[in-house]
Amino acid sequence: MRFYIKSYGCQMNVYDSQRMEDILTSLGHKKEDNAENANLLIFNTCSIREKADDKLFSDLGRAKILKDKSPEDDFIIVVAGCVAQSRPQDLLARHPYIDMILGPQDIQNISDRLGDLIKNKDLDTLVLTELKASDKFERFNETDPLTERNVSEFLTIQEGCDNFCTYCVVPHTRGREFSRSVKEIVSEAKSLVSRGVKEITLLGQNVNSYNGLDDSGENCRLSRLLWELSSIDGLKRLRYTTSNPKDVDEDIAKAHRDINILMPFLHLPVQSGSDEILKKMNRKYSRERYFEVIDMLRSYRPDMAFSSDFIVGFPGETDKDFEDTLDLVKKVKFSQAYSFKYSPRPNTPAAKMKNQISEDIKTARLQRLQNLLNQQQSDFNSSFVGRQVEVLLTKEGRHSGQLVGKSEYFQAVTVNNADNLDIGDIVKVSITNAVSHSLIGETHEC
Ligand code: 5AD
Ligand code: SF4
């Protein structure tokens, strides 16, 4: 078949979509970049906030029009991912033309069941939402990546989450925490590097509690996994995300000091700077502990840059709680950040809490927080003007002769004089300009 995949939400979904693409391609199906040219449409969905849901429903409306118009006998619509897992019945009731519903840990079944659907047109929608991460990775291991890879790629090392933050839908959509074995991860990393990948970002909802088995059957911590991967020939950069501050230990800080391909940048979501709200969120750390973690990392790696996630307007958040968040931001100084209005999610404890915050207050608080975070990002970037940074070039720039890449600190950098450079090169760039969210510079090595 000719398939089109649209991925919503997080990087774990990007990785899952890529692996579905590998499986389908290995069976002779052909990828299309445009839904209009496909007869198998796959929506790999996200339910982290309500807005992500809304996007899916408008896309499904368009998919139905394509299906109705299609002259072909076989036209299949698949909804995969987190919405599929959390609300299959709702999807079926509102969109009965969906042919297959696959939870995030059932996506490996995508190809096996296509045949059934094609042969038997009257088959009810297939719903697979079993949440067995081990099955998923077994299948992934069998399918060596076939499709093209970029120079910077993701590698999922862990699925699911056991933390149960009260606002979060993930434990309900991706299930309990499951860590892949060291051997599987190293082998997948080597396979990526042999395809030209220079930078790997290890993925998981909570990578700092990674505890996969090593070859001798012992549990292995993230820091040791990073050491194992650091010896792969040809791998130039390592990153990992996402970390929960409660699980960051000294070994990780040492890894940032001692592993030269481990980048000096960490995404460390704090969510709120108020102890009261952190307790209500069930985050299991205090603002003091967050400061300690940042200080510890900076003591081992003084140039470490930090990004974070914030939720404003969590139920019961007072002006004082919000001021505590602003105060934390001022003290830590982030190099970049994501911030969101709290969005009540089905079946989560916070959705049932009293004192939900009005939309107006959420909007005003988000604006103030984003103004501060934008200012910090801009200050951070401006401090690089006149300095040199090392950049991994990942894609073409907007104008000819330009290539764009990422600094070690995860800043986007445009290189103006890149005529003799290639995607995948790592070059020293002298920064001449800082614009809102990125840097501009020139290299002297071409
Ligand atoms: N409402 C708003 N933001 C949320 N996030 C997770 N759940 C919610 C929610 N219900 C944010 C958190 C998390 C990021 C991936 O999404 O900040 O770190
Ligand atoms: Fe969205 Fe979370 Fe699922 Fe990722 S794991 S797709 S962020 S709901």
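Reader: Which side chain has an N or O atom 2.7 Å from an oxygen atom of ligand 1?

Author: Happy to start there: the side chain of Gln 271 places an N or O atom 2.7 Å from a ligand 1 oxygen. Do keep in mind that this is a predicted model. N or O atoms within 3.5 Å of each other count as a polar contact. Arg 49 has a polar side-chain atom 2.9 Å from an oxygen of ligand 1, and for Asp 309 the distance is 2.6 Å.

Reader: How much of ligand 1 does the protein bury?

Author: On its own, ligand 1 exposes 410 Å², and the protein buries 86% of that area.

Reader: Which residues surround ligand 1, and which strands supply at least two residues of the shell?

Author: Among the surrounding residues are Ile 48, Tyr 167, Ile 311, Phe 340, Lys 341, Tyr 342, Ser 343 and Arg 345. Strands E13 (305-312) and E14 (336-341) each supply at least two shell residues. By class, the shell has five nonpolar, two polar and four charged residues.

Reader: Let's turn to the helices. How are two packed helices described?

Author: The general idea is to give the angle between the axes and the distance between them. Here, helix H8 (residues 182-194) packs against helix H9 (residues 222-230) at about 35 degrees, with the axes 10 Å apart. The crossing of H8 past H9 is right-handed.

Reader: Which residues make that contact?

Author: H8 contributes Val 182, Ile 185, Val 186 and Ala 189, while H9 brings Leu 225, Glu 228 and Leu 229. Sorted by class, that contact has six nonpolar residues, one charged and no polar.

Conventions. Residues numbered from 1 in each chain as written. Chains lettered and ligands numbered in written order. Predicted model: local features only at pLDDT ≥ 70, side-chain atom pairs only at ≥ 80, totals over all residues. Heavy atoms only, no water. Near = heavy atom within 4 Å. Polar contact = N/O pair within 3.5 Å; in protein donor to acceptor, adjacent residues only side chain to side chain. Areas by Shrake-Rupley, 256 points an atom, 1.4 Å probe, with all protein chains shown as cover. Helix = DSSP H or I, 4+ residues; strand = E, 2+ residues; numbered from the N terminus. Nonpolar A, V, L, I, M, F, W, Y, C, P; charged D, E, K, R; others polar. Axes fitted to C-alpha atoms, helices over the stretch in contact; angles between N-to-C directions. Left-handed = near helix turned anticlockwise from the far one by under 90°. Contact = heavy atoms within 4.5 Å.
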